[in-house]
Every structure is written in C-alpha cells, then in structure tokens.
Amino acid sequence: MISPQLCCACLQLLKWTDDHPLRHCGGWSSEFVGPCKAHSEARSNKPTMRSLIAAALLLQGVQGFYLPGVNPYSFTEGEAVKLKVNKMTSQKTLLPVDYYRLPFCQPEGGPKMDHENLGEFLAGDRIESSPYRINMKVDMYCEQLCISNLGRGEQKGVSPNKMVRAIRKNYHNNWIVDNIPAASKVEDDTTVTTRYWQGFPVGFIAKDTKRAYVHNHVNIEIQYHSVETDPEKARIVRFTVEPFSIKHDFEASADDDDAEEGQVKGFKVADITNPIESCNPGMSAKQHTRYEMIYARGREPQPASGRVLFTYDVIWTENPELHWASRWDIYLSMDNAIPAKVHWLSILNSLVIVVVLSAMIGAILVRNLRRDFGRYNRLATDEEKAEDLEEFGWKLVHADVFRPPSFSPLLLAVCCGTGAQLFCMSILTILFSAMGFLSPSNRGALIMAQLLLYVLMGSVAGYVTSRLYKTFKGKSWQKATAAVAFGFPGICFGVFIIMNIVALSQGSSDAVPVTTMIVLLVLWFGISTPLVFFGAYFGYKQDAIEFPVNTSSIPRQIPDQPWFMSVPFSLIVGGILPFGACFVELYFILASVWTDQYYYVFAFLLLVFGILFITCAEITVLFNYFQLTGENYHWWWRSFTTAGSTGIYVFLYSFVYFKQLEANAFATYVLYFGYMALASLGLFLMTGCVGVISCLWFNKTIFGSIKID
C-alpha cells in the first residue's frame with residue numbers, strides 16, 4: 001500500500017473522502033489528506049503558502065490519479081443501474097462467443113453494443129445491453145425476465161441444442177455492473193465459495209444423469225458504499241452473481257404465442273404453479289431466493305431445453321468498509337488465490353540462478369581474462385618469439401573476430417532490429433503497467449498500449465538494423481529497411497488473418513470486423529513503416545561501429561571444435577537457465593491469457609524481466625568466451641541463437657501448459673499453438689538481440705584491452 005501524506009508536520013489532518021477518484025492508482029490504495037487548521041489559516045493569509053499547497057496537491061494528484069475508472073459515478077436511490085453482458089468464455093474451446101448467440105432474454109428493441117476501443121475488439125470483448133431491470137437500493141424478489149424456448153431436449157442420436165452444447169463446453173457468462181465484472185458465488189450444503197475471475201457458468205452437467213441443466217435464476221448481489229460528502233448518493237463497490245437452476249412450472253399470459261427455437265418472448269409475466277418461497281406472491285413476508293429453497297424436497301433443476309422461465313433476485317447490501325477506490329483490489333489479487341509469497345519465491349529462484357551464473361562468470365572469465373591480459377600485454381622473450389609461442393587462445397582470432405557473419409548479415413541485422421523494437425515495447429509496457437496506467441479495469445488498455453508502443457518503436461528497429469547492416473558493410477540498405485518494416489509485422493498479420501478465419505468458422509467473437517483490420521493496416525503502413533525508414537535514415541547517417549582491431553582480408557581456418565561447443569549443446573544449455581529464471585511468472589501470464597485470470601503484479605514481472613535478460617546476457621558471454629578460446633570467431637549468429645533459445649523453451653513449455661486446458665477441438669489447437677508460436681518467436685528475437693549486443697560489447701572490451709602487433 002502507498003500512503004503519501006500532504007502535511008508531514010501535522011498529525012491532526014483534515015482527511016479527504018476515501019471515495020475521491022484520485023485515491024487509487026493501479027490497484028494500490030493511497031490515503032489523501034488535506035491541510036490542518038494552522039495550514040488553512042496560513043493559506044488564507046499568505047498567497048505564497050496557498051500556491052505551495054496547491055502545487056503540492058497537484059503533485060499528489062499526479063501520483064495517485066486513478067486512470068482506469070476515471071471518475072466514479074454516484075447513484076441516487078431508485079436510479080436505474082445498467083447490467084451489461086460481455087462475451088462468454090470457455091477453457092475447453094478458448095473461443096469466446098457472443099452472449100446473444102444463445103437464446104437468452106433480450107432487451108426491448110434488441111441488444112445495443114457498447115462503444116469499444118481497439119484493444120477490446122482484439123481481445124474479443126463484445127459488451128452489450130441486457131434486459132435486467134435494476135434500481136439503486138431497490139431489492140427485487142424472483143423478478144420474472146422472459147420466457148425463452150431453448151430448443152429440443154437431449155436424445156440419443158439427435159444433435160443437442162445450442163444451450164446444451166454451450167453447457168457441455170463449460171461456457172461462462174461475464175456480466176458487468178458499473179464497470180466491475182461479476183464474481184461467481186457457488187454454494188453447497190457446507191460451504192460458500194466466491195470466485196472473482198472467469199464469470200459464472202451457463203449451466204451444469206448432472207453427475208448422475210449426465211444431462212445438461214441451465215441456470216435460469218440468478219441472485220444479483222450488489223454492495224454499495226455511501227458517499228461521505230453526499231449521504232443521499234452511493235457508489236457500487238462489489239458485484240456478485242449466484243446462479244441457480246429452478247424448474248418453474250408456469251402458465252404464460254394469454255398473448256404468449258409459442259416461440260420458435262432460438263426466439264425469445266421478452267418481458268413476459270407468467271403464473272408459476274409450483275413457486276418456491278421467494279417466487280410465491282401469497283407469502284406475507286418477502287424472501288430472497290436461498291440455497292435451501294432450490295434444493296428442497298420435490299424440487300428439480302431446469303433442463304436446458306423447451307420453454308424456460310428466467311427469473312432473478314436483486315440484493316442490495318451496504319458495505320461501509322469497502323471504498324470505491326479499492327473495489328478492484330480483490331479482483332486484481334483474485335481474493336489472494338495466489339499469495340504474494342509465490343511471486344517472491346519466483347524472484348528468489350531467479351536471483352539464485354543469476355547469482356550462481358554471475359559467480360561462474362566471475363570465477364571463469366575474470367580470472368582467465370586477467371591471466372590472458374597479463375600474458376598478451378607483456379613483452380615476449382627472444383625464445384618465445386623464435387618458437388612463436390607469444391600468441392595462443394582468443395588473441396589468435398583478433399584479425400577475424402569482427403568479420404561480418406558468413407551467413408546472411410542482412411537477416412541478422414533485421415532480426416536484431418526487430419528484437420530491439422520488441423524489447424523497447426515490452427519494457428515500456430511493463431513500466432506503464434507497474435505504474436498503474438494500464439489497469440485491467442480499463443478493458444483493452446494493455447493490448448492497445450502494446451500495439452501502439454510497438455508501432456512507435458519502429459524507429460528503434462530501423463536505427464538498430466541500419467547501424468548493424470552498415471557495420472557488416474552491407475550495400476542493400478533499401479532491402480534491409482523494407483525487411484524490418486514488413487518482416488515480423490507481416491508474419492504477425494498473416495498469423496492473425498489465419499486465426500481470424502478460424503474464429504469466423506467457429507462463430508467466435510475473437511473474429512474482428514473489417515474496420516478493425518483496416519485500422520491495423522493503417523497503423524502498420526501509415527505509422528510503423530514510415531518510422532522504420534525514419535530510424536534507418538539516421539542509422540545510415542551514422543558511422544559504422546568502430547572496432548579496436550582490424551580485420552584481415554583472408555579468413556582464418558577454424559580448428560575442429562569439441563562436442564560441448566556445438567550448436568545443439570549451446571542451444572540446450574543457453575536457453576534452460578534463462579527459462580528457469582522466468583518459468584514461474586510465465587505460468588501466471590499464460591493463466592491470465594488463456595484462462596481469463598487477472599495478472600497485475602507487474603512490479604514482480606519487471607524484476608523477472610530484468611533477471612531474464614541479465615541471465616541471457618551472462619550465459620551468452622560465457623559461451624562466447626569459450627568459443628573464442630577455441631579459435632572459433634563465428635560468434636554473431638551463435639550469440640543470437642544461444643540467447644534466443646529461451647524462446648524455444650517457452651514454446652516447448654506451452655505444450656505442457658496446454659494439458660491443463662481440457663481442449664480437444666482442432667480450432668483450439670490452431671488458436672493456442674499459433675499464438676504461442678508467435679509469442680515464442682518474439683521472445684526469441686528479443687533475447688537474441690540482447691545476446692548479440694552483450695557479446696559485441698564484451699568482444700570490443702577484451703580486444704581493446706590487449707596490444708596487437
């Protein structure tokens with residue numbers, strides 16, 4: 001928790017309301033306080049003091065500004081509260097679908113789409129209006145919503161209806177009230193469990209009959225906090241849904257015609273012939289629906305077929321302890337489902353790897369290099385000159401060590417430029433997230449930030465590519481610049497098109513509309529590509545990278561190398577240590593991406609991100625030294641692949657993680673492994689770029705420290 005205080009000299013402070021929108025910043029709570037009486041008097045008497053306090057207050061607001069939710073909305077009693085529905089998600093298919101793809105009750109005039117940003121479209125969010133009628137602080141008891149025809153019943157040899165298929169695929173509803181998602185409350189005979197991610201299930205499969213039953217009743221539990229400056233108004237701080245399946249026997253009103261499958265009769269009122277206590281209008285005292293009513297003797301759940309009456313309760317509860325600015329905390333921490341200790345253990349594990357690796361480098365490199373420097377820089381005796389023993393080890397390759405790579409210098413320059421672009425995009429995204437600018441409460445903000453930062457970092461890609469390619473004495477600078485401008489973005493867009501086609505074939509909301517495609521193309525060709533050429537222009541204007549030694553015209557012959565200096569061995573060992581430093585956080589990131597869990601420990605991620613690349617740099621420099629000692633000067637591509645092999649390990653780990661998703665559809669395989677391959681390629685380029693830059697710095701340093709005859 002961050003608790004900055006404005007007046008440090010006073011203990012008796014006039015506290016601002018805890019519901020002030022500036023109190024919260026990215027999941028961290030901040031206590032805002034105002035000046036005490038003495039300061040107030042000084043402020044009224046001295047303009048200078050007033051100015052200082054105003055400036056301090058401005059800085060306070062800058063530190064704690066709650067970007068995600070902007071300003072809180074205060075409701076008056078009886079005011080309408082909108083309940084919105086989002087996409088339905090499933091861990092079995094990984095393909096979100098639109099809520100109204102199933103025959104749920106629809107609002108009058110049809111559902112209306114919310115205004116969504118680019119990030120929400122790319123994430124598959126489809127936020128729409130709903131028919132649920134909710135009013136501030138007005139409890140509702142078994143309110144009838146509509147009668148819907150879910151279709152034919154389950155029979156052997158007959159294709160099940162849409163609702164049954166969705167239930168069997170374990171789809172979950174995701175509802176929203178006042179920009180906070182619904183928590184799911186599940187109750188049994190002994191326990192009550194509340195989960196703050198993944199929404200609540202559409203229905204369930206009975207363990208005994210294996211038949212599908214729909215949740216046709218929900219208890220909508222909303223907690224509010226009264227505004228301290230205006231007790232007549234209140235703000236919503238918690239939203240929970242407890243789903244039930246109730247088989248209502250009912251007689252519809254006279255004008256209720258039989259609906260066709262998939263059609264919904266909106267806002268119909270029916271007479272329930274077997275009401276539970278909460279649905280019985282004859283009860284003297286109104287009661288909310290409870291677990292005991294649903295599972296009383298003689299009650300049955302509602303099969304996911306035929307004509308179904310949908311009902312709901314609304315339960316309002318005041319929560320004086322929970323303030324508006326802290327309402328997202330329990331979502332971001334997932335109700336402490338993953339304690340911070342796990343992340344600290346991950347950091348500790350990573351630090352142990354870094355310390356061991358650093359100690360190894362210190363023991364091997366520092367000691368050996370000190371000995372090498374002493375030997376290479378001393379004057380050789382006449383006997384040593386006669387026997388030509390003054391040079392051995394890595395000094396022998398001084399005339400070849402900075403020779404351009406033998407295989408495709410253009411491709412290496414392009415890969416390093418793309419890796420630098422991805423690295424800058426990643427570090428800036430994590431920094432902004434750690435500062436609280438990209439809260440999950442601002443849906444789509446993270447994806448938009450990644451996309452825009454990647455586009456803006458095109459100048460970095462162009463500059464790095466041009467500097468390296470000019471150093472390699474390349475002549476096709478137009479080809480190199482075009483390759484970095486269209487290479488990796490082209491691969492990403494091609495994979496995205498394929499995934500979009502798969503999503504369209506499955507009717508998923510992951511399929512983005514044509515207008516979004518046009519926006520992506522404009523970002524690519526209208527902003528990113530010109531920035532790449534802009535950066536390349538300045539890169540080619542710079543002098544080539546200067547090396548401390550000259551390169552001979554005739555390449556030196558490389559002796560046979562031992563097995564442990566082969567490419568496969570360096571790939572295996574070079575990637576496993578960096579992967580071991582980050583795989584715990586990688587698990588949580590994958591859980592956030594594929595199972596709709598919240599990930600908001602970006603401060604931990606920033607540490608792990610730094611440890612990952614430090615480990616990549618150290619292991620690559622170590623292998624580079626051994627390679628040069630073996631008189632092998634082909635280190636350019638070797639350093640890139642040694643560090644980049646971390647991406648290969650991440651892709652292999654994705655196969656292990658996939659077993660947890662219970663997915664069995666071909667479209668799911670294509671979606672999951674397509675995007676994981678793309679992410680692993682991006683990590684391969686990032687870590688490879690770090691490996692090349694680290695080895696370039698190391699080689700320039702050691703060869704600049706010796707005397708060359």
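Predicted model: local features only at pLDDT ≥ 70, side-chain atom pairs only at ≥ 80, totals over all residues.
Two bridges link strand β12 (residues 175–177) with β13, and the two strands run antiparallel. Val177 has its bridge partner, Ile180, in β13.

Both strands belong to an open sheet of four strands. Its order is β8-β7-β12-β13, and the pairing is antiparallel. β8 (128–129) and β13 (180–181) form the edges, each pairing on one side only. As a general point, strands of a sheet pair through backbone hydrogen bonds, in either the parallel or the antiparallel sense.

## Strand β10 and its partner

Strand β10 spans residues 140–149. Eight of its 10 residues are buried, so β10 is largely enclosed by the rest of the structure. Strand β24 (residues 307–318) pairs with β10 in the antiparallel sense, over seven bridges. Met140 stands opposite Val314 of β24.

The structure contains two disulfides. One joins Cys105 and Cys146, with sulfur atoms 1.8 Å apart. The angle about its S-S bond is -80°, and the link of Cys105 and Cys146 is left-handed. Cys105 and Cys146 are buried.

The other disulfide joins Cys142 and Cys279, also with sulfur atoms 1.8 Å apart. Here the angle about the S-S bond is 80°, and the link is right-handed. Cys142 counts as buried because its relative accessibility is 7%, under the 20% limit. Cys279 is buried too, at 10%. Counting bonded cysteines along the chain, the disulfides follow the pattern 1-3, 2-4.

## Cysteines without a bond

Cys416 is in no disulfide. The nearest cysteine sulfur, that of Cys689, is 5.0 Å away. Cys416 is buried, with a relative accessible area of 1%.

What is the distance from the sulfur of Cys582 to the closest cysteine sulfur? It is 8.0 Å, to Cys616, which is too far for a bond. A disulfide needs sulfur atoms within 2.5 Å. Cys582 has 9% relative accessibility and counts as buried.

## Nonpolar cores

In soluble globular proteins, nonpolar side chains tend to be buried together. The largest nonpolar core in this model has 147 residues. Trp175, Ile220, Phe239 and Phe703 touch the most other members. Helix α17 (residues 666–703) supplies the largest share of this core, 19 residues. A second, separate core has 12 residues, including Cys142, Ile147, Ala270 and Ile294.

What does Ile220 touch, leaving aside residues up to four places away in sequence? Its contacts are Leu83, Tyr132, Ile134, Trp175, Phe239, Thr240, Tyr312, Asp313, Val314 and Ile315.

## Helix α16

Helix α16 covers residues 636–658. At 1.5 Å a residue, its 23 residues should span 33 Å. The end C-alpha atoms are 34 Å apart, which agrees.

The helix also has a kink of about 35°, centred on Ala643. α16 is mostly covered, with 18 of its 23 residues buried.

## Two residues with positive phi

Most residues other than glycine have a negative phi. Lys137 is not a glycine, yet its phi is positive, about 60°. Lys137 is in the loop between β9 (134–135) and β10. With 24% relative accessibility, Lys137 counts as partly exposed.

Asn170 also has a positive phi of about 60° without being a glycine. Asn170 lies in the loop between α4 (162–168) and β11 (172–173). Is Asn170 buried or partly exposed? Asn170 is partly exposed, because its relative accessible area is 29%.

Methods
Residues numbered from 1 in each chain as written. Heavy atoms only, no water. Expected span 1.5 Å × (residues − 1). Bend = angle between axes of the 7 residues up to and from the residue. Buried < 20%, exposed > 50% of the residue type's maximum accessible area, 1.4 Å probe, protein only. Core = buried A, V, L, I, M, F, W, Y, C linked by side-chain atoms within 4.5 Å. Contact = heavy atoms within 4.5 Å. Pairing = 2+ DSSP bridges.
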